[in-house]
Amino acid sequence: MDKFFSVADIDDLDTVVQEALSLKANPYNWRELGKNRTLGLVFLNPSLRTRLSTQKAAMSLGMDVMVINMDKEGWALETQDGVIMNGTTVEHIREAAAVMGEYCDILGLRSFPSLKDKVADYTEELFNKFVKFCRVPVVSLESATRHPLQSLTDLITITEHKKVAKPKVVLAWAPHVKALPQAVPNSFSEWMCKAQEQGLVDYTIAHPAGYELSEEFTTGADIVNDLDEALEKADFVYIKNWSSYKEYGQVYPVQGDWLMTNQKLGLTNDAKVMHCLPVRRDLELSSEILDGPNSLVIKEAGNRVWAAQVVLKRMLENLKK
Amino acid sequence: MDKFFSVADIDDLDTVVQEALSLKANPYNWRELGKNRTLGLVFLNPSLRTRLSTQKAAMSLGMDVMVINMDKEGWALETQDGVIMNGTTVEHIREAAAVMGEYCDILGLRSFPSLKDKVADYTEELFNKFVKFCRVPVVSLESATRHPLQSLTDLITITEHKKVAKPKVVLAWAPHVKALPQAVPNSFSEWMCKAQEQGLVDYTIAHPAGYELSEEFTTGADIVNDLDEALEKADFVYIKNWSSYKEYGQVYPVQGDWLMTNQKLGLTNDAKVMHCLPVRRDLELSSEILDGPNSLVIKEAGNRVWAAQVVLKRMLENLKK
Amino acid sequence: MDKFFSVADIDDLDTVVQEALSLKANPYNWRELGKNRTLGLVFLNPSLRTRLSTQKAAMSLGMDVMVINMDKEGWALETQDGVIMNGTTVEHIREAAAVMGEYCDILGLRSFPSLKDKVADYTEELFNKFVKFCRVPVVSLESATRHPLQSLTDLITITEHKKVAKPKVVLAWAPHVKALPQAVPNSFSEWMCKAQEQGLVDYTIAHPAGYELSEEFTTGADIVNDLDEALEKADFVYIKNWSSYKEYGQVYPVQGDWLMTNQKLGLTNDAKVMHCLPVRRDLELSSEILDGPNSLVIKEAGNRVWAAQVVLKRMLENLKK
C-alpha cells in the first residue's frame, strides 16, 4: 500500500477488518517491523483522536514518530505554481513536502477543506500535491473530502458488534452550530457502499432535502429525506452533521427534528449508535443515548488505533527493505 | 496506586521517598516494566518542569509518551452536564476523557483553578470528572488545589539534605505581581503536616494576615504572621506566593518585607532555601540567595524526575498484566 | 565535543564530513550509544527542518527526545541580571537553563537575533548564557549569528556532489520581502573560509554594496559586488538573502537583478544550486532552477540528518559514562 486515501486503496474489506482485529488481540507482535522506520504526522488542522490513535499505532509497531503541527507554527504553505512568493506564504508545498519525505519513511497528512472553493476541495489539490512531492507513502489523516481511517474504524466497529450477517446501517444527518465538511459522511458512504457490494451491510442515508452528498460517494445507497422511515429495522445508526455539497459549504434551516433521541431509537432494531466524535451533546445526539447502553462512540474511538495500525503495518510491509 | 492526587494516596512517606532515591541511583533498571505501556500527558495549562520531568521519568521506565496540549489547540471542553452544546465548547469531558483512556494505560492531567469559582475549584470538579470518565489511573500534574508531584519532590529533597533527624521546615509567603493559585502551598502543607505526624519534620507556616490557607491542608502546622519569628532555627525555608483563600483569588497589599534575603537567612539555622519555580528574582527571593550556597532550587527541580518515576512505577506495577 | 556552535568546534573538516557520510550509509549502527540518554530541543523560534532532522538523528542514535517550544508557550525568559522581575518575564534564564540541564544529557537551542541590538546579538549573549547555566553539552540549532548544523550540512553536500577536487563555491545574495538574519551567510562563510584554508574549496561571496558581512566570518574569501563576475566558473552557487550588518538589520533597495535564474546559471561551470530553505520561489531563486536538474536543495535538506547525527554522536562519545 503506497497511499491510504479512499476505499479504493483496499480490495477486500473483510480481510483488512479481520487483520485489524488480530492486531487488536495482539498489538505488540510487530514491534520489529517498524524498527528504524520513522512516521511523520503533519497537521494543517487540529486533531485529537487521529493524532493520538495514529501515534499509538505507530509506536506499537516499533516506529519512531514525529508530529508536525504546521497550523500552530504559522508555517503558511504556498500551493500554487507560477506565483512570485513575495507575500505571506513562507514555503512552497513542493519543497515542504519533499523535505518531510527526506526525513520520514511514511507521512500522514491532515488537511481540512476550505468549504469555499469546491473544485479545489473536491479535486483534493492539496493532498494530491503533497503525495506527489513527498515521494513516500502517505496516509490520509482526513483530507478535504474523505476521512478513511475513520471509515475503516467504523467498519471494524460494525463488524465487532453486528448481531446479524448483513446489518442495516443508517447514516443520519444531525444539526450543528457550524458549517462542517462532508469528509466524514462522504467517506463513510463510500466505505458502506463498497461493503454493501461485498455483501457485508445494507446501507441507507437519511438527510434533509438540500443536504445531498456528491453522488460519487453514494452509489448504491438507499437515500431518503425521512429519518423515521430510515430508522426502521436499523441495526446501526451513524449520526453526523455536514454542510451542503450543492450550495457548497452552506447551512440551511431544516424542518423536522433531526436530533437523535431514545424515542427515535425505539423505531430501530435496538440499534447501536455511532459518531466519529467530537459530538455536540443534545444538539446532534442526546445525552441519554451517549450515556446509555446503545452507544458505541467510545469503543468506536478506541478502534481508531487498530485501523491506523493495520494501514501502517501494510505500508511498512510494502516498503523496500 | 490508581490515582495520585494528594498525600492521602501515599501511606508511608519515608518508604516512597527511599524508593524514589533508589530510582535516582539506578534510573534505568525498570525499562521492561513500562514496555508496551503508554502514558498520555494532558495539559489544560502550560508546563515546563512538570512535562519534562514526567516525560523523562516515563521514558526511563520504557513507556511510550504522548503529550496533549489542549490549551494550545483551542479544544475547549464542556464540563457541565445537561447543557445543549450549541456554544463554544467543542467536546464534553465525558467523551474527551474516555477517549484518551482508550489510547493510554496511564494519564496525567494538569488543570489550574479558575480562582473565581471557589466551590468548583475546591471540589476539584474537573480533575474528579476526568478521573471518573477516563477509567485508567491518573496522576495529577497539578490540579486546582494541589500539586502532589511537587510536594513529593520537596520531601525527597528535604530528606536528601537534612542534617538533623527532624528538621524545622518553614513555608514562607512571598510577594508576586500576579494572583497565583494555592495549589503548591496547600499541597506542600498537607505533605508536611503528614510528615510531621510521621515524625519526619517540624512544620511552620508564615504568611501575612489574610493569606490563611484552607484548614484542611494545615492541621497540625504552627501558623504565624511574623516571618522573623518563623525563621528562627529553621533548617529549610520554602518560599512561595499565593493569593487569598478567604477572599478567593484576591491579592492584598501587605505590611512588612516578605522578600527572602540573605539578611533574613541569618535568622535561621543556616537554612537551605527551596522554591518550586519559576521564581521571580528579587521579588520573591533575592538573587544573592538563588546564586549562593544555600539554594536548593535547581536540585529540587531535578528531583521532579524521581517523584514522577516512583509514582509511575507504582502505577505500572498495579496495572493488570 | 562539549559545544557545537561554530566551525571552531571542528578541527579537521574532511574527517567530520566523512564520518557523517558513513552514518548516512549506516544510520542505525549506533542505537546503543544513545540508549538511556535524553536530548532536549529548545526552540525560542520556529523550526521545521532543524527540529525534524535533529529529532530523527537523535532517535536513530537510540536517544530519547523531548521538544520544548518555548515560543509557543508564552514562557518569556529574563536574560538580564540585577532586574527585579516584576514585569512580563516569568523565569530567568539562569533557572530555566539549569533546570533543563537537569533533565537532559544534551540540549539543543534555537534562538534568532533581535536584529535591533547588534552588540547583544553579536556577542551571542543568549546562547552563551544558556550554555553557561545549563551545564550540559549544547548544540546550536541556529543562534543569533550562526547556523552551524546548516553549514556542516552544506559542506557534506558539496563534498558529495563535487566533480573536481577543489570546487569554486559562490555565496550569492538574493532578494527577499523581510529583513533576515545574517546567521546562515555568516556561518556558511566561516565554514567555507576554513574549508578553503584546508584546501577543500575556493570561496567567493557576491552581494550588493551595503550588504557586507562582518569580517570575522569572511577572512580569506573573495568578495565582489558583481554577481555575473562571481558566477564565472562556479561549481556551486549558494543562494541566500540577508539584511545589512553595517546598518544593522536594515534592508536597502538594490540595483541590478539578483534573482538567480537559468540564464545566470549559464555563466557558471554547470553549477549546482543550493539554498538552506525555506526559499521564496521566483523572488530568491527561479522555479525553473528549483524544479530542474541543477538544484540540490532537497538533497541538501535531507543531509541535515547526517550533520546532526555526527555532532550528537561525538557529544555522546564525549559524555562521561
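**Figure 1. Close-up of A:His176 and the residues around A:His176 in this predicted model.** Look past the neighbours within four places in sequence, and A:His176 is in contact with A:Asn241, A:Arg280, A:Leu283 and A:Glu284. The residue sits in the loop that joins β8 (168–173) to α7 (183–197) in chain A. With a relative accessibility of 17%, A:His176 is classed as buried, because the cut-off for that label is under 20%. A polar atom of the A:His176 side chain also lies 3.1 Å from the backbone nitrogen of A:Lys178.

Figure 2. Setting aside residues within four places in sequence, its contacts include A:Leu171, A:Ala172, A:Trp173 and A:Ala174, along with A:Leu180, A:Val184 and A:Pro185. A:Cys276 and A:Glu284 are also in contact with A:Lys240.

**Figure 3. Close-up of C:His147 and its polar partner C:Glu142.** Moving to chain C, we find C:His147 in the loop between β7 (138–140) and α6 (148–161). Its relative accessibility is 4%, so C:His147 counts as buried. The side chains of C:His147 and C:Glu142 make a polar contact at 3.4 Å. Beyond residues up to four places away in sequence, C:His147 touches several others, among them C:Thr50, C:Arg110, C:Ser187 and C:Arg304.

Notes
Residues are numbered from 1 along each chain as its sequence is written. Chains are lettered from A and ligands numbered from 1 in the order in which they are written. This is a predicted model: local features need pLDDT of at least 70, side-chain atom pairs count only at pLDDT 80 or more; totals for chains, interfaces and linings use all residues. Side-chain values use heavy atoms; hydrogens and water are left out. Helices (H or I, at least four residues) and strands (E, at least two) are DSSP runs, numbered from the N terminus. Buried means under 20% relative accessible area, exposed over 50%, partly exposed in between (1.4 Å probe, protein chains only). Contact means heavy atoms within 4.5 Å. A polar contact is a pair of N or O atoms within 3.5 Å; within protein, one must be able to donate a hydrogen and the other to accept it, and residues adjacent in sequence count only if both atoms are side-chain atoms.
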